Amino acid sequence: MIRNVLILTVNDLAIAFKNKTFLLILFIPLFVFVTLNLVDQAVVDAGKIRIGLLQQETLATEVMQNISAAEQLVEVTWLENPEEGNRLLKERQIDGVIIRNEEAADSLALIVLKMDSIQTIAIMQTFSALQKVAEGAGPDWITGINSLHEGGVQRETLPTWVLMLVLLIGFIILPSQVAEEKEKKLLLALLQTPINEAQWLIAKLLLGMLLIMTAVLFLHLLGQFGPVHLFDYVAILLAGSFCFSAFGVFLGFLCRNQASARTLGVIFYLPLLLPSAMSDVSQQLTAIAPLLPSYQLYRPLQSILLENASLTDMTFDWIYLIVLGSLMSYFSYLLMKRRWLM
Amino acid sequence: MQLVVENLAKLYDKTRGLAPTSFTVDKGELIAIVGHNGAGKSTLLKMLGSWIVPDDGTVTIGGIELRNRKSVVGKVGFIPEVPNLFDFFSVEYNLKLFARLSRAPMSRVEDILHEFNLQSFRRSKVLSLSKGLKQRVNIGRALLADPPILLLDEPTSGLDFEMTREIYRLLQAMHSVGKTIIFSSHRPEEIKGLATRIMVLHQSQLVFDGPPQEYFKSEIHQKLYAL
(Lines give C-alpha, C1' and ligand atoms only; values in the text may rest on other atoms or scores of the structure.)
Protein backbone atom coordinates (compact mmCIF):
# COMPACT_ATOMS: atom_id res chain seq x y z
CA MET A 1 0.00 0.00 0.00
CA ILE A 2 2.77 2.44 0.96
CA ARG A 3 4.53 1.63 -2.29
CA ASN A 4 1.41 2.50 -4.30
CA VAL A 5 0.91 5.74 -2.41
CA LEU A 6 4.53 6.65 -3.07
CA ILE A 7 4.24 5.86 -6.77
CA LEU A 8 1.09 7.96 -7.02
CA THR A 9 2.70 10.83 -5.11
CA VAL A 10 5.72 10.80 -7.41
CA ASN A 11 3.38 10.75 -10.38
CA ASP A 12 1.44 13.71 -8.95
CA LEU A 13 4.70 15.59 -8.48
CA ALA A 14 5.61 14.86 -12.09
CA ILE A 15 2.24 16.23 -13.21
CA ALA A 16 2.74 19.32 -11.04
CA PHE A 17 6.15 19.77 -12.63
CA LYS A 18 4.71 19.40 -16.14
CA ASN A 19 1.91 21.86 -15.39
CA LYS A 20 4.46 24.39 -14.18
CA THR A 21 2.87 24.33 -10.71
CA PHE A 22 6.40 24.15 -9.33
CA LEU A 23 7.00 27.62 -10.71
CA LEU A 24 4.28 28.87 -8.38
CA ILE A 25 5.80 27.06 -5.43
CA LEU A 26 9.04 28.91 -6.03
CA PHE A 27 7.58 32.15 -7.27
CA ILE A 28 5.11 32.97 -4.50
CA PRO A 29 7.58 32.80 -1.58
CA LEU A 30 10.12 34.75 -3.62
CA PHE A 31 7.57 37.39 -4.47
CA VAL A 32 6.35 37.70 -0.88
CA PHE A 33 9.95 37.94 0.36
CA VAL A 34 10.82 40.74 -2.08
CA THR A 35 7.60 42.64 -1.36
CA LEU A 36 7.98 42.39 2.42
CA ASN A 37 11.58 43.55 2.15
CA LEU A 38 10.46 46.58 0.22
CA VAL A 39 7.75 47.34 2.78
CA ASP A 40 10.16 46.91 5.71
CA GLN A 41 12.66 49.17 4.03
CA ALA A 42 9.95 51.74 3.68
CA VAL A 43 9.34 51.78 7.44
CA VAL A 44 12.96 52.83 7.96
CA ASP A 45 12.59 55.49 5.29
CA ALA A 46 9.43 56.73 6.92
CA GLY A 47 11.62 58.15 9.69
CA LYS A 48 12.11 61.21 7.51
CA ILE A 49 8.87 62.98 6.75
CA ARG A 50 8.35 65.30 3.78
CA ILE A 51 6.10 68.23 4.52
CA GLY A 52 5.00 71.26 2.55
CA LEU A 53 4.71 74.75 4.03
CA LEU A 54 2.98 77.70 2.40
CA GLN A 55 5.37 80.53 1.57
CA GLN A 56 2.88 83.29 2.36
CA GLU A 57 1.80 81.80 5.67
CA THR A 58 3.67 82.59 8.86
CA LEU A 59 3.73 79.88 11.46
CA ALA A 60 4.72 80.39 15.12
CA THR A 61 8.47 81.08 15.52
CA GLU A 62 8.88 78.20 17.93
CA VAL A 63 7.37 75.78 15.45
CA MET A 64 9.56 77.03 12.61
CA GLN A 65 12.71 76.89 14.73
CA ASN A 66 12.01 73.30 15.75
CA ILE A 67 11.24 72.23 12.20
CA SER A 68 14.52 73.79 11.01
CA ALA A 69 16.42 72.16 13.85
CA ALA A 70 14.97 68.75 12.98
CA GLU A 71 16.28 68.65 9.40
CA GLN A 72 17.32 65.02 9.90
CA LEU A 73 13.69 64.16 10.50
CA VAL A 74 11.76 66.70 8.44
CA GLU A 75 12.26 67.66 4.81
CA VAL A 76 10.48 70.92 3.95
CA THR A 77 9.16 71.95 0.54
CA TRP A 78 8.00 75.55 0.20
CA LEU A 79 4.71 75.90 -1.62
CA GLU A 80 3.49 78.88 -3.61
CA ASN A 81 -0.17 78.11 -2.93
CA PRO A 82 -2.45 75.39 -1.48
CA GLU A 83 -3.13 73.98 -4.99
CA GLU A 84 0.55 73.19 -5.42
CA GLY A 85 0.41 71.38 -2.08
CA ASN A 86 -2.55 69.27 -3.24
CA ARG A 87 -0.78 68.44 -6.48
CA LEU A 88 2.44 67.36 -4.74
CA LEU A 89 0.42 65.28 -2.29
CA LYS A 90 -1.35 63.47 -5.13
CA GLU A 91 1.97 62.90 -6.87
CA ARG A 92 3.35 61.50 -3.60
CA GLN A 93 6.18 64.02 -3.63
CA ILE A 94 5.32 65.21 -0.12
CA ASP A 95 3.60 63.40 2.77
CA GLY A 96 1.58 66.30 4.18
CA VAL A 97 0.99 70.06 4.16
CA ILE A 98 1.12 71.99 7.43
CA ILE A 99 -1.04 75.09 7.63
CA ARG A 100 -2.43 77.31 10.36
CA ASN A 101 -5.59 75.89 11.91
CA GLU A 102 -8.26 78.52 11.36
CA GLU A 103 -10.58 76.83 13.85
CA ALA A 104 -8.17 76.74 16.80
CA ALA A 105 -5.84 79.61 17.63
CA ASP A 106 -2.08 78.93 17.85
CA SER A 107 -2.39 75.47 16.47
CA LEU A 108 -1.72 73.74 13.16
CA ALA A 109 -3.72 71.68 10.73
CA LEU A 110 -2.36 68.86 8.63
CA ILE A 111 -3.52 68.05 5.10
CA VAL A 112 -2.73 64.54 3.94
CA LEU A 113 -3.71 62.29 1.05
CA LYS A 114 -5.10 59.53 3.25
CA MET A 115 -6.16 59.77 6.85
CA ASP A 116 -5.11 56.20 7.74
CA SER A 117 -1.64 55.97 6.31
CA ILE A 118 1.84 55.50 7.69
CA GLN A 119 2.72 58.96 6.39
CA THR A 120 0.01 60.59 8.53
CA ILE A 121 1.08 58.63 11.59
CA ALA A 122 4.73 59.53 10.99
CA ILE A 123 3.97 63.27 10.70
CA MET A 124 1.79 63.21 13.83
CA GLN A 125 4.46 61.33 15.81
CA THR A 126 7.26 63.61 14.63
CA PHE A 127 5.37 66.82 15.42
CA SER A 128 4.31 65.47 18.78
CA ALA A 129 7.95 64.67 19.58
CA LEU A 130 9.07 68.15 18.45
CA GLN A 131 6.42 69.75 20.64
CA LYS A 132 7.48 67.68 23.68
CA VAL A 133 11.12 68.72 23.18
CA ALA A 134 10.18 72.41 22.80
CA GLU A 135 7.47 72.79 25.43
CA GLY A 136 7.56 69.71 27.60
CA ALA A 137 3.87 69.37 28.38
CA GLY A 138 0.98 71.15 26.67
CA PRO A 139 -1.39 70.48 23.80
CA ASP A 140 -0.21 69.09 20.47
CA TRP A 141 0.64 71.61 17.76
CA ILE A 142 -1.41 69.76 15.18
CA THR A 143 -5.04 69.79 16.21
CA GLY A 144 -6.77 69.01 12.95
CA ILE A 145 -6.25 66.64 10.05
CA ASN A 146 -7.89 66.93 6.64
CA SER A 147 -7.68 64.24 3.99
CA LEU A 148 -7.80 64.76 0.23
CA HIS A 149 -9.31 61.32 -0.17
CA GLU A 150 -13.03 61.33 0.46
CA GLY A 151 -14.92 58.65 2.36
CA GLY A 152 -13.93 56.11 4.99
CA VAL A 153 -11.78 53.02 4.97
CA GLN A 154 -14.33 51.14 2.84
CA ARG A 155 -14.03 53.73 0.11
CA GLU A 156 -10.27 54.03 0.57
CA THR A 157 -9.85 50.35 -0.28
CA LEU A 158 -12.32 50.40 -3.17
CA PRO A 159 -9.71 51.04 -5.94
CA THR A 160 -7.77 48.01 -4.69
CA TRP A 161 -10.87 45.78 -4.80
CA VAL A 162 -11.79 46.99 -8.26
CA LEU A 163 -8.24 46.39 -9.47
CA MET A 164 -8.37 42.93 -7.92
CA LEU A 165 -11.54 42.09 -9.86
CA VAL A 166 -10.10 43.36 -13.13
CA LEU A 167 -6.87 41.40 -12.70
CA LEU A 168 -8.64 38.28 -11.45
CA ILE A 169 -10.82 38.08 -14.53
CA GLY A 170 -8.00 39.18 -16.83
CA PHE A 171 -5.27 36.90 -15.55
CA ILE A 172 -7.02 33.91 -13.99
CA ILE A 173 -10.35 33.39 -15.73
CA LEU A 174 -9.64 34.40 -19.32
CA PRO A 175 -6.30 32.60 -19.86
CA SER A 176 -7.88 29.38 -18.54
CA GLN A 177 -10.83 29.69 -20.87
CA VAL A 178 -8.64 30.42 -23.89
CA ALA A 179 -6.30 27.53 -23.02
CA GLU A 180 -9.30 25.21 -22.62
CA GLU A 181 -10.63 26.12 -26.04
CA LYS A 182 -7.21 25.42 -27.49
CA GLU A 183 -6.68 22.23 -25.53
CA LYS A 184 -10.03 20.75 -26.59
CA LYS A 185 -9.53 21.95 -30.19
CA LEU A 186 -12.74 23.97 -29.94
CA LEU A 187 -11.07 27.06 -31.30
CA LEU A 188 -9.97 25.14 -34.39
CA ALA A 189 -13.51 23.85 -34.82
CA LEU A 190 -14.84 27.41 -34.65
CA LEU A 191 -12.26 28.57 -37.18
CA GLN A 192 -13.65 26.06 -39.68
CA THR A 193 -16.77 28.18 -39.89
CA PRO A 194 -16.81 31.57 -41.67
CA ILE A 195 -15.78 33.36 -38.47
CA ASN A 196 -12.22 34.64 -38.55
CA GLU A 197 -9.48 35.08 -35.98
CA ALA A 198 -10.27 38.75 -35.35
CA GLN A 199 -13.93 38.04 -34.65
CA TRP A 200 -13.05 35.31 -32.16
CA LEU A 201 -10.58 37.63 -30.48
CA ILE A 202 -13.08 40.49 -30.24
CA ALA A 203 -15.66 38.12 -28.75
CA LYS A 204 -13.17 37.05 -26.08
CA LEU A 205 -12.30 40.67 -25.28
CA LEU A 206 -15.98 41.53 -25.02
CA LEU A 207 -16.49 38.57 -22.69
CA GLY A 208 -13.66 39.78 -20.44
CA MET A 209 -14.94 43.34 -20.42
CA LEU A 210 -18.50 42.22 -19.74
CA LEU A 211 -17.44 40.00 -16.83
CA ILE A 212 -15.36 42.79 -15.33
CA MET A 213 -18.07 45.42 -15.69
CA THR A 214 -20.65 43.05 -14.18
CA ALA A 215 -18.39 42.22 -11.23
CA VAL A 216 -17.62 45.90 -10.58
CA LEU A 217 -21.28 46.85 -10.89
CA PHE A 218 -22.22 44.13 -8.40
CA LEU A 219 -19.54 45.38 -6.01
CA HIS A 220 -20.95 48.91 -6.24
CA LEU A 221 -24.49 47.72 -5.73
CA LEU A 222 -23.50 45.80 -2.61
CA GLY A 223 -21.37 48.57 -1.17
CA GLN A 224 -23.45 51.46 -2.51
CA PHE A 225 -20.33 53.31 -3.57
CA GLY A 226 -21.34 55.95 -6.08
CA PRO A 227 -18.50 57.51 -8.06
CA VAL A 228 -18.78 61.26 -8.56
CA HIS A 229 -17.76 61.24 -12.21
CA LEU A 230 -19.68 58.26 -13.53
CA PHE A 231 -18.73 58.73 -17.18
CA ASP A 232 -15.02 59.06 -16.36
CA TYR A 233 -15.21 56.04 -14.07
CA VAL A 234 -16.91 53.83 -16.67
CA ALA A 235 -14.52 55.04 -19.38
CA ILE A 236 -11.36 54.20 -17.42
CA LEU A 237 -12.85 50.87 -16.36
CA LEU A 238 -13.59 50.01 -19.99
CA ALA A 239 -10.04 50.95 -20.99
CA GLY A 240 -8.63 48.88 -18.11
CA SER A 241 -10.86 45.89 -18.74
CA PHE A 242 -9.95 45.97 -22.44
CA CYS A 243 -6.24 46.12 -21.63
CA PHE A 244 -6.21 43.30 -19.08
CA SER A 245 -8.65 41.11 -21.04
CA ALA A 246 -6.30 41.39 -24.02
CA PHE A 247 -3.38 40.59 -21.73
CA GLY A 248 -5.23 37.53 -20.39
CA VAL A 249 -6.15 36.23 -23.83
CA PHE A 250 -2.52 36.58 -24.87
CA LEU A 251 -1.38 34.61 -21.81
CA GLY A 252 -3.90 31.91 -22.71
CA PHE A 253 -2.27 31.64 -26.11
CA LEU A 254 1.13 31.07 -24.56
CA CYS A 255 -0.12 27.96 -22.75
CA ARG A 256 -0.95 24.51 -24.01
CA ASN A 257 -3.44 23.64 -21.26
CA GLN A 258 -5.58 25.10 -18.49
CA ALA A 259 -3.22 24.19 -15.66
CA SER A 260 -0.34 26.05 -17.29
CA ALA A 261 -2.60 29.01 -17.98
CA ARG A 262 -3.64 29.21 -14.32
CA THR A 263 -0.01 29.07 -13.18
CA LEU A 264 1.06 31.75 -15.62
CA GLY A 265 -1.99 33.83 -14.65
CA VAL A 266 -1.08 33.80 -10.96
CA ILE A 267 2.52 34.67 -11.79
CA PHE A 268 1.27 37.84 -13.49
CA TYR A 269 -1.66 38.50 -11.16
CA LEU A 270 0.25 38.83 -7.88
CA PRO A 271 2.98 41.26 -8.97
CA LEU A 272 0.48 43.40 -10.81
CA LEU A 273 -1.94 43.53 -7.88
CA LEU A 274 0.24 43.87 -4.82
CA PRO A 275 2.65 46.70 -5.62
CA SER A 276 -0.24 48.84 -6.83
CA ALA A 277 -2.39 47.98 -3.86
CA MET A 278 0.45 48.35 -1.35
CA SER A 279 2.23 51.30 -2.90
CA ASP A 280 0.72 53.66 -0.32
CA VAL A 281 2.50 51.89 2.53
CA SER A 282 5.97 51.89 1.04
CA GLN A 283 7.98 54.60 -0.65
CA GLN A 284 9.98 51.97 -2.54
CA LEU A 285 6.85 50.28 -3.78
CA THR A 286 5.56 53.73 -4.71
CA ALA A 287 8.63 54.06 -6.90
CA ILE A 288 8.20 50.63 -8.52
CA ALA A 289 4.41 50.67 -8.94
CA PRO A 290 4.26 53.21 -11.83
CA LEU A 291 6.35 50.81 -13.92
CA LEU A 292 3.57 48.21 -13.78
CA PRO A 293 0.65 48.37 -16.23
CA SER A 294 -1.84 47.82 -13.41
CA TYR A 295 -0.77 51.11 -11.86
CA GLN A 296 -2.06 52.96 -14.92
CA LEU A 297 -5.49 51.67 -13.98
CA TYR A 298 -5.13 51.85 -10.21
CA ARG A 299 -4.06 55.52 -10.11
CA PRO A 300 -6.99 56.81 -12.19
CA LEU A 301 -9.39 54.67 -10.15
CA GLN A 302 -7.98 56.17 -6.98
CA SER A 303 -8.16 59.69 -8.39
CA ILE A 304 -11.75 59.32 -9.58
CA LEU A 305 -13.09 57.46 -6.56
CA LEU A 306 -11.18 59.27 -3.83
CA GLU A 307 -9.98 62.59 -5.17
CA ASN A 308 -12.92 63.53 -7.35
CA ALA A 309 -10.67 63.83 -10.41
CA SER A 310 -11.84 63.56 -14.02
CA LEU A 311 -10.61 61.66 -17.07
CA THR A 312 -8.96 64.71 -18.60
CA ASP A 313 -6.43 64.64 -15.76
CA MET A 314 -5.31 61.16 -16.74
CA THR A 315 -4.92 61.18 -20.52
CA PHE A 316 -1.63 59.27 -20.36
CA ASP A 317 -3.19 56.45 -18.32
CA TRP A 318 -6.10 55.63 -20.59
CA ILE A 319 -4.04 55.99 -23.76
CA TYR A 320 -1.45 53.67 -22.19
CA LEU A 321 -4.13 51.08 -21.36
CA ILE A 322 -5.64 51.17 -24.83
CA VAL A 323 -2.26 50.98 -26.58
CA LEU A 324 -1.08 48.09 -24.39
CA GLY A 325 -4.40 46.25 -24.90
CA SER A 326 -4.19 46.74 -28.66
CA LEU A 327 -0.62 45.47 -28.70
CA MET A 328 -1.56 42.35 -26.74
CA SER A 329 -4.53 41.72 -29.05
CA TYR A 330 -2.23 42.00 -32.04
CA PHE A 331 0.20 39.47 -30.54
CA SER A 332 -2.69 37.09 -29.87
CA TYR A 333 -3.85 37.53 -33.45
CA LEU A 334 -0.39 36.63 -34.75
CA LEU A 335 -0.28 33.52 -32.56
CA MET A 336 -3.73 32.50 -33.79
CA LYS A 337 -2.64 32.90 -37.39
CA ARG A 338 0.36 30.68 -36.70
CA ARG A 339 -1.96 28.17 -34.93
CA TRP A 340 0.45 28.46 -32.00
CA LEU A 341 0.29 25.49 -29.60
CA MET A 342 -3.09 24.49 -31.01
CA MET B 1 -14.00 20.30 -56.91
CA GLN B 2 -10.36 19.38 -57.44
CA LEU B 3 -7.83 19.46 -54.65
CA VAL B 4 -4.22 19.97 -55.68
CA VAL B 5 -1.36 19.47 -53.24
CA GLU B 6 2.10 20.63 -54.29
CA ASN B 7 5.26 20.02 -52.26
CA LEU B 8 3.33 20.25 -49.01
CA ALA B 9 5.67 19.75 -46.06
CA LYS B 10 5.75 19.97 -42.31
CA LEU B 11 8.61 18.40 -40.41
CA TYR B 12 8.81 18.28 -36.63
CA ASP B 13 12.14 16.46 -36.87
CA LYS B 14 13.92 14.28 -39.47
CA THR B 15 11.36 11.46 -39.47
CA ARG B 16 8.24 13.00 -37.90
CA GLY B 17 5.80 15.05 -39.90
CA LEU B 18 5.44 15.11 -43.65
CA ALA B 19 8.22 15.41 -46.24
CA PRO B 20 7.39 17.43 -49.40
CA THR B 21 4.37 15.69 -50.93
CA SER B 22 2.38 16.30 -54.10
CA PHE B 23 -0.85 14.74 -55.37
CA THR B 24 -4.19 15.63 -56.89
CA VAL B 25 -7.64 14.59 -55.72
CA ASP B 26 -10.55 14.66 -58.13
CA LYS B 27 -14.16 15.32 -57.24
CA GLY B 28 -15.96 12.30 -55.78
CA GLU B 29 -12.92 10.25 -54.82
CA LEU B 30 -12.92 8.30 -51.58
CA ILE B 31 -9.31 8.13 -50.50
CA ALA B 32 -7.88 6.21 -47.58
CA ILE B 33 -4.55 7.38 -46.24
CA VAL B 34 -2.83 4.42 -44.69
CA GLY B 35 0.25 4.20 -42.54
CA HIS B 36 1.61 3.29 -39.15
CA ASN B 37 1.35 5.65 -36.18
CA GLY B 38 3.59 8.67 -36.72
CA ALA B 39 3.77 8.16 -40.49
CA GLY B 40 2.39 11.66 -41.17
CA LYS B 41 -1.30 10.90 -41.85
CA SER B 42 -2.68 13.31 -39.27
CA THR B 43 -0.15 15.98 -40.21
CA LEU B 44 -1.25 15.81 -43.84
CA LEU B 45 -4.96 15.94 -43.00
CA LYS B 46 -4.48 18.74 -40.46
CA MET B 47 -2.67 20.82 -43.05
CA LEU B 48 -5.48 20.22 -45.55
CA GLY B 49 -7.96 21.19 -42.82
CA SER B 50 -6.02 24.38 -41.95
CA TRP B 51 -5.37 23.10 -38.45
CA ILE B 52 -1.63 23.46 -38.78
CA VAL B 53 0.43 25.80 -40.91
CA PRO B 54 2.72 24.02 -43.41
CA ASP B 55 6.43 24.73 -43.53
CA ASP B 56 6.29 24.75 -47.29
CA GLY B 57 4.13 23.96 -50.31
CA THR B 58 0.65 24.90 -51.47
CA VAL B 59 -2.84 23.45 -51.46
CA THR B 60 -5.49 24.66 -53.88
CA ILE B 61 -9.16 23.81 -53.77
CA GLY B 62 -11.01 24.48 -57.01
CA GLY B 63 -8.11 26.70 -58.04
CA ILE B 64 -8.17 28.78 -54.85
CA GLU B 65 -5.25 28.59 -52.46
CA LEU B 66 -6.06 27.20 -49.03
CA ARG B 67 -4.30 30.18 -47.45
CA ASN B 68 -7.09 32.33 -48.84
CA ARG B 69 -9.23 31.24 -45.92
CA LYS B 70 -12.15 33.51 -46.65
CA SER B 71 -12.70 31.95 -50.08
CA VAL B 72 -12.25 28.29 -49.14
CA VAL B 73 -14.01 28.24 -45.78
CA GLY B 74 -16.99 25.94 -45.94
CA LYS B 75 -15.47 23.95 -48.78
CA VAL B 76 -13.55 21.61 -46.48
CA GLY B 77 -14.90 19.86 -43.41
CA PHE B 78 -12.28 18.41 -41.07
CA ILE B 79 -13.21 15.80 -38.49
CA PRO B 80 -10.44 15.13 -35.96
CA GLU B 81 -9.74 11.82 -34.27
CA VAL B 82 -10.95 13.09 -30.90
CA PRO B 83 -14.37 14.76 -31.16
CA ASN B 84 -14.07 18.49 -30.41
CA LEU B 85 -17.46 19.57 -29.20
CA PHE B 86 -18.68 21.82 -26.40
CA ASP B 87 -19.00 19.00 -23.85
CA PHE B 88 -21.21 20.78 -21.33
CA PHE B 89 -23.87 21.60 -23.88
CA SER B 90 -26.38 19.37 -25.60
CA VAL B 91 -26.07 17.80 -29.04
CA GLU B 92 -28.70 20.17 -30.35
CA TYR B 93 -26.96 23.23 -28.89
CA ASN B 94 -23.67 22.23 -30.53
CA LEU B 95 -25.28 21.69 -33.91
CA LYS B 96 -27.31 24.90 -33.74
CA LEU B 97 -24.27 26.94 -32.69
CA PHE B 98 -22.24 25.74 -35.65
CA ALA B 99 -25.19 26.06 -38.00
CA ARG B 100 -25.53 29.71 -37.00
CA LEU B 101 -21.81 30.35 -37.38
CA SER B 102 -21.77 28.54 -40.74
CA ARG B 103 -24.89 30.44 -41.81
CA ALA B 104 -26.59 27.14 -42.57
CA PRO B 105 -30.39 27.00 -42.35
CA MET B 106 -31.73 25.64 -39.05
CA SER B 107 -33.49 22.89 -41.01
CA ARG B 108 -29.99 21.42 -41.58
CA VAL B 109 -29.81 20.67 -37.86
CA GLU B 110 -32.96 18.58 -38.07
CA ASP B 111 -31.68 16.87 -41.21
CA ILE B 112 -28.41 15.97 -39.51
CA LEU B 113 -30.15 14.74 -36.35
CA HIS B 114 -32.34 12.54 -38.52
CA GLU B 115 -29.59 11.37 -40.90
CA PHE B 116 -27.25 10.38 -38.09
CA ASN B 117 -29.93 8.85 -35.84
CA LEU B 118 -29.34 11.42 -33.14
CA GLN B 119 -32.93 12.55 -32.48
CA SER B 120 -33.16 10.70 -29.18
CA PHE B 121 -29.91 12.30 -28.02
CA ARG B 122 -30.70 15.87 -29.06
CA ARG B 123 -31.03 17.08 -25.46
CA SER B 124 -28.22 14.92 -24.07
CA LYS B 125 -25.06 16.63 -23.00
CA VAL B 126 -22.15 15.68 -25.26
CA LEU B 127 -20.25 14.77 -22.10
CA SER B 128 -22.63 11.89 -21.46
CA LEU B 129 -22.33 10.33 -24.93
CA SER B 130 -20.19 7.36 -25.94
CA LYS B 131 -17.20 7.98 -28.20
CA GLY B 132 -19.04 6.54 -31.18
CA LEU B 133 -22.00 8.86 -30.67
CA LYS B 134 -19.72 11.84 -30.18
CA GLN B 135 -18.00 10.97 -33.43
CA ARG B 136 -21.37 10.85 -35.17
CA VAL B 137 -22.25 14.30 -33.82
CA ASN B 138 -18.82 15.52 -34.90
CA ILE B 139 -19.27 14.26 -38.46
CA GLY B 140 -22.77 15.69 -38.51
CA ARG B 141 -21.47 19.05 -37.39
CA ALA B 142 -18.88 19.08 -40.18
CA LEU B 143 -21.66 18.45 -42.69
CA LEU B 144 -23.82 21.39 -41.55
CA ALA B 145 -22.22 23.71 -44.09
CA ASP B 146 -22.45 20.95 -46.71
CA PRO B 147 -18.74 21.04 -47.66
CA PRO B 148 -17.85 19.24 -50.91
CA ILE B 149 -14.63 17.87 -49.36
CA LEU B 150 -14.54 15.92 -46.10
CA LEU B 151 -11.36 15.04 -44.21
CA LEU B 152 -11.54 12.49 -41.41
CA ASP B 153 -8.58 11.71 -39.18
CA GLU B 154 -8.87 8.08 -38.02
CA PRO B 155 -12.66 8.28 -37.67
CA THR B 156 -12.94 4.76 -36.26
CA SER B 157 -10.12 4.99 -33.74
CA GLY B 158 -11.21 3.53 -30.42
CA LEU B 159 -14.61 2.41 -31.73
CA ASP B 160 -16.01 -1.10 -31.47
CA PHE B 161 -16.80 -3.24 -34.51
CA GLU B 162 -20.44 -2.16 -34.75
CA MET B 163 -19.68 1.53 -34.47
CA THR B 164 -16.79 1.22 -36.95
CA ARG B 165 -19.19 -0.34 -39.46
CA GLU B 166 -21.67 2.46 -38.81
CA ILE B 167 -19.04 5.13 -39.47
CA TYR B 168 -17.98 3.41 -42.71
CA ARG B 169 -21.63 3.18 -43.75
CA LEU B 170 -21.89 6.94 -43.22
CA LEU B 171 -18.76 7.51 -45.30
CA GLN B 172 -20.22 5.44 -48.13
CA ALA B 173 -23.49 7.34 -47.91
CA MET B 174 -21.68 10.68 -48.13
CA HIS B 175 -19.56 9.40 -51.01
CA SER B 176 -22.66 8.28 -52.88
CA VAL B 177 -24.02 11.84 -52.87
CA GLY B 178 -20.85 13.08 -54.55
CA LYS B 179 -18.68 14.21 -51.70
CA THR B 180 -14.91 13.93 -51.95
CA ILE B 181 -13.68 12.09 -48.88
CA ILE B 182 -10.17 11.63 -47.54
CA PHE B 183 -9.77 9.66 -44.36
CA SER B 184 -6.90 8.05 -42.52
CA SER B 185 -6.58 4.62 -41.02
CA HIS B 186 -3.81 2.47 -39.71
CA ARG B 187 -5.78 -0.71 -40.39
CA PRO B 188 -5.82 -1.17 -44.20
CA GLU B 189 -7.77 -4.46 -44.07
CA GLU B 190 -10.73 -2.52 -42.68
CA ILE B 191 -11.02 -0.23 -45.69
CA LYS B 192 -10.50 -2.89 -48.36
CA GLY B 193 -13.92 -2.56 -49.91
CA LEU B 194 -14.45 1.07 -49.11
CA ALA B 195 -11.80 3.32 -50.64
CA THR B 196 -11.49 4.09 -54.35
CA ARG B 197 -7.85 5.04 -53.90
CA ILE B 198 -5.19 4.37 -51.30
CA MET B 199 -2.26 6.53 -50.34
CA VAL B 200 0.40 5.05 -48.09
CA LEU B 201 2.59 7.17 -45.87
CA HIS B 202 5.70 5.71 -44.30
CA GLN B 203 8.18 7.68 -42.20
CA SER B 204 6.85 11.01 -43.49
CA GLN B 205 7.05 9.98 -47.15
CA LEU B 206 4.25 9.17 -49.59
CA VAL B 207 5.33 5.67 -50.72
CA PHE B 208 2.24 4.49 -52.58
CA ASP B 209 -0.65 6.15 -54.40
CA GLY B 210 -3.03 3.98 -56.42
CA PRO B 211 -6.18 1.83 -56.52
CA PRO B 212 -6.89 -0.60 -53.64
CA GLN B 213 -6.55 -3.78 -55.73
CA GLU B 214 -3.05 -2.70 -56.77
CA TYR B 215 -2.14 -1.74 -53.21
CA PHE B 216 -3.13 -5.02 -51.60
CA LYS B 217 -0.97 -6.89 -54.12
CA SER B 218 1.99 -4.55 -53.69
CA GLU B 219 5.26 -5.19 -51.86
CA ILE B 220 4.65 -2.14 -49.73
CA HIS B 221 1.57 -3.69 -48.19
CA GLN B 222 3.45 -6.93 -47.58
CA LYS B 223 6.36 -5.04 -46.07
CA LEU B 224 4.33 -2.76 -43.83
CA TYR B 225 1.52 -5.03 -42.78
CA ALA B 226 2.90 -8.58 -43.07
CA LEU B 227 1.98 -10.60 -40.02
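Helices here are DSSP runs of H or I with at least four residues, strands are runs of E with at least two, and both are numbered from the N terminus. The model is predicted, so local features need pLDDT of at least 70 and side-chain atom pairs pLDDT 80 or more, while totals for chains, interfaces and linings use all residues. Residues are numbered from 1 along each chain as its sequence is written, chains are lettered from A in the order written, and side-chain values use heavy atoms, without hydrogens and water.

Next, select V63(A), N66(A) and I67(A), the buried residues (under 20% relative accessible area) of helix 3, which spans residues 61-69. They lie on the same side of the helix because they cover an arc of only 100 degrees around its axis, taken from the directions from the axis to the C-beta atoms.

Now show what these buried residues pack against: strand 1 (49-54), strand 2 (74-79), strand 4 (108-112) and helix 5 (118-135) of chain A.

Move to the boundary between the chains. Here 16 residues of chain A are in contact (heavy atoms within 4.5 Å) with 19 residues of chain B. Select L186(A), Q192(A) and P194(A), which supply 34% of the area that chain A buries against chain B, more than any other three residues. Buried area is the accessible area (1.4 Å probe) that two parts lose on being put together, summed over both. For chains A and B it is about 1700 Å², 58% of it on carbon and sulfur atoms.

Terms used: Buried means under 20% relative accessible area, exposed over 50%, partly exposed in between (1.4 Å probe, protein chains only).
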